[in-house]
Amino acid sequence: MRYFPTFFDLAGKPCLVVGGGERATQKIRLLRRAGALVTVVTRGPIEEIERLAAKGEVEIRRRGFVEGDLRDRVLAIGAAGDDDLDLRLCEAAKRRGVPVNIVDRPALSSFTVPAMVDRDPVLVAISSAGTAPVLARKLRARIEALLPARLGRLARLAESFRGAVKALHDGGTARRRFWEEFFDGSIADDVLAGRESKAREKTLALVNRRSPRRRVDGTVAIVGAGPGDPDLLTLRAANLLQDAEVIVYDNLVGAEILDRARRDAQRIYAGKSRGAHAKSQDEINALLRDLAQARKRVVRLKGGDPFIFGRGGEEVEYLRGHGIAVQVVPGITAAVACGASAGIPLTHRDHAAAVTFVTGHGKDGEPDLDWAALARSRHSLVVYMGVATAPRTAQRLIEHGLDAATPVAVVENGTRADERILSGTLGGLPALMEEQAVTGPAIIVIGEVARHAEAAREFTQPRALAV
Ligand SMILES: C[S@@+](CC[C@H](N)C(=O)[O-])C[C@H]1O[C@@H](n2cnc3c(N)ncnc32)[C@H](O)[C@@H]1O
C-alpha cells in the first residue's frame, strides 16, 4: 500500500489554498464542504472565489505566497499551476510539517486527494496512488451508480437511534442483531425509497421490542427490468438485484439482466408466454408469499414496467393482503424504450397530442377496446402483445375510420442485440408481419409519428462502456 488512507476532521480548522483559478475553486468547495476555514492566496481570483469571499466563506490574500501564510494551517493545497510556486509551497510546507497537496503533482505532495463518492455522512474514497486517475474516476462512477442516493439518510436515521438501542438492548450480540435487522429489512428499503417517516415508525417499534429475532420480515420488491438492454435498468433496480436473495423472473427478462444480480442469489423462472404458462398467476402469488414468509429478500423481476401490462398490481394487492412489505420499482416500458430506439417520438406537436398504450391480447382472445376512440387523428397508438392479432387490429381501426395509409412501425426485440425496426402502413400491416415473420416480443406503433421510424434506421444508440 503506497498511501495510508485517513479521513481528516477539518471542521473549523484553518486551511490554505494557493491559486485562484478553476482548480483552486474545486478544492475550496471541497474544503468548505468539510467545514474548513479557508484562506486563499492569489493575485487574480476568478469570479466564483470573489463571490465566496463576498459571502464570508473564504478569506482572500491578494498577493504572492509567503511562507508565513502556512502559520497555524492544518493543511495546504497548491492549485496555482506554476512550477516555481508549487515547489516553494511544497518545501515550505514540509519544513513546517503542514500536510500539502499540489494538484496533479504527487511527487511534490505529502497526501493525495482521492476520487470520492459522497453520501454524507457515508463517504467512499478511491485512490490509484496517482498511477491512473482516470481509472479511479471510472471506478467512482461505478460506485456512484451502485450506492443509493438516500444512503446518507439511512446512516443518519441509524445515528438518531444509537443511544436508544444502546440503552434498551444489552450486549453486543443483541445490538448487532438489531442493526442487521435494521439494515437488511424493510426499514432500510423504506428509507432508500423515500418513506422516512414510515421507516422511523418501524424503527421505534423494533427498538421497543426487547428481544429482536434475526430478520423477522422478508420483503418483496416488484421491479421493472426495462426492455432488455441491461444499461436501461434503473439504479434502484440494479441495487436491489445486488441485494436480493431470491429473484423470481419472467420470460421477458434476459440473461444479460440476470447477470447484474448477486452471484449466489437463487433464481426462479416464473415465465409466462402466450399459451405456455410456466406458472399460473396464483402459483406466482403463492410463491412470492411463501418466500417472504420464509424471511427472504425477494426481487420479483418483470420485463418493462411492472404496472404496464405486467400484472404487478395483482401481485402487490395479494402480498399486501397477506401483510407482506412490498415496494414497486418502475422500469422503462417497451413503448417508451422502443420509441427511443427507433427514433419515434410518441407525441409530437405537429402529429400527436396524445398516446395510448393498448393490449392486442384480451383475456379471451380479442381485446375489448373502444376502436372509435382509438381511430381518432392526432393520436399515437402503441399495441403491446399485438403480433398475433395485428390483422384484426388493422381491420378494426380502418373500419372505424382510420386511413389505411396511416404509417405504422413494428419494433421487435427493442433495445436488444437482435432488435428489428419495420415500417409500413396500416393497410399493409398484416402482410408486413407475415412477410417479415415477426414473432419476438414486439410493439406496433400506429399514427403519423411512426413515419419517423424510417429515419431511425440511420442511427445506432451509443452504448455505455463498462470499466
Ligand atoms: C406482458 S407485456 C409486458 C409489458 C411490460 N410490462 C412493459 O412495460 O414493457 C409483453 C409485451 O411487451 C412488449 N415488449 C416487451 N419487451 C419488448 C421489447 N424489448 N421489444 C418490443 N416489445 C416488447 C411486447 O408487446 C410484449 O408482447
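The exercises below, each with a worked solution, concern a predicted model.

**Exercise 1. Domains**

Task: State into which domains the chain is divided, and find what distance separates the centres of domain 2 and domain 3.

Solution: The division gives domain 1 (14-112), domain 2 (114-147), domain 3 (153-208), domain 4 (219-331) and domain 5 (335-456). Taking the centres over C-alpha atoms, one finds that domain 2 and domain 3 are separated by 28 Å.

**Exercise 2. The faces of helix α6**

Task: Compare the span of helix α6 with the expected one, and explain where its buried residues lie around the axis.

Solution: Begin with the length: α6 covers residues 172-184, which makes 13 residues, and the 18 Å from its first C-alpha to its last are close to the 18 Å expected at 1.5 Å a residue. Next, list the buried residues of this helix, which are Phe178, Glu181 and Phe182. Viewed down the axis of α6, these buried residues fall within an arc of 100°, and therefore they line one face of the helix. The face turned away from the buried side of α6 carries Gly172 and Thr173, which are exposed. Finally, look for the packing partners: the buried residues of α6 pack against α5 (151-168), α7 (186-192) and α8 (196-208).

**Exercise 3. The parallel sheet**

Task: Give the strand order of the open sheet that contains β10 and β14, identify its edge strands, and describe how helices α9 and α12 lie on the strands.

Solution: The five strands of this open sheet follow the order β10-β9-β13-β8-β14, with parallel pairing. Its edge strands, each pairing on one side only, are β10 (266-269) and β14 (325-329). On average, and with direction ignored, neighbouring strands of this sheet are turned by 20° against each other. Helix α12 (residues 312-321) lies across β8, β13 and β14, and runs at about 160° to β14.

**Exercise 4. The surroundings of Lys296**

Task: Locate Lys296, decide whether it is buried, exposed or partly exposed, and name the residues it touches.

Solution: Lys296 sits in the loop between α11 (281-293) and β13. A residue counts as buried when 20 or more other C-beta atoms lie within 10 Å of its own, and since Lys296 has 19 within that distance, it is partly exposed. Leaving out residues up to four places away in sequence, Lys296 touches Gly218, Glu245, Val246 and Leu291. The C-alpha atoms of Lys296 and Val246 are separated by 7.0 Å, although the two residues are 50 apart along the chain.

**Exercise 5. The mixed sheet and its helix**

Task: Describe the open sheet with mixed pairing, and state how helix α13 packs on this sheet and which of its residues are buried.

Solution: The order of the five strands is β15-β16-β19-β17-β18, and the edge strands, which each pair on one side only, are β15 (354-359) and β18 (420-425). Here neighbouring strands are turned by 20° against each other on average, direction ignored. Strand β16 (residues 379-384) and strand β19 (residues 442-446) run antiparallel and are joined by three bridges, and Leu381 stands opposite Ile446 in β19. Helix α13 (residues 334-342) packs on the sheet, touching β15, β16, β17 (407-412), β18 and β19, and its direction makes about 105° with that of β17. Eight of the nine residues of α13 are buried, so that the helix is mostly covered; they are Ala334, Ala335, Val336, Ala337, Cys338, Gly339, Ser341 and Ala342. After α13 comes Gly343, with a positive phi near 75°.

**Exercise 6. Backbone exceptions**

Solution: By the count of other C-beta atoms within 10 Å, Phe309 is partly exposed with 19, whereas Thr415 is buried with 21.

Note on methods
Residues numbered from 1 in each chain as written. Predicted model: local features only at pLDDT ≥ 70, side-chain atom pairs only at ≥ 80, totals over all residues. Helix = DSSP H or I, 4+ residues; strand = E, 2+ residues; numbered from the N terminus. Expected span 1.5 Å × (residues − 1). Buried ≥ 20, exposed ≤ 12 C-beta atoms within 10 Å, placed from the backbone. Arc of directions from axis to C-beta. Contact = placed C-beta atoms within 7 Å. Domains from an automatic or database assignment. Pairing = 2+ DSSP bridges. Axes fitted to C-alpha atoms, helices over the stretch in contact; angles between N-to-C directions.
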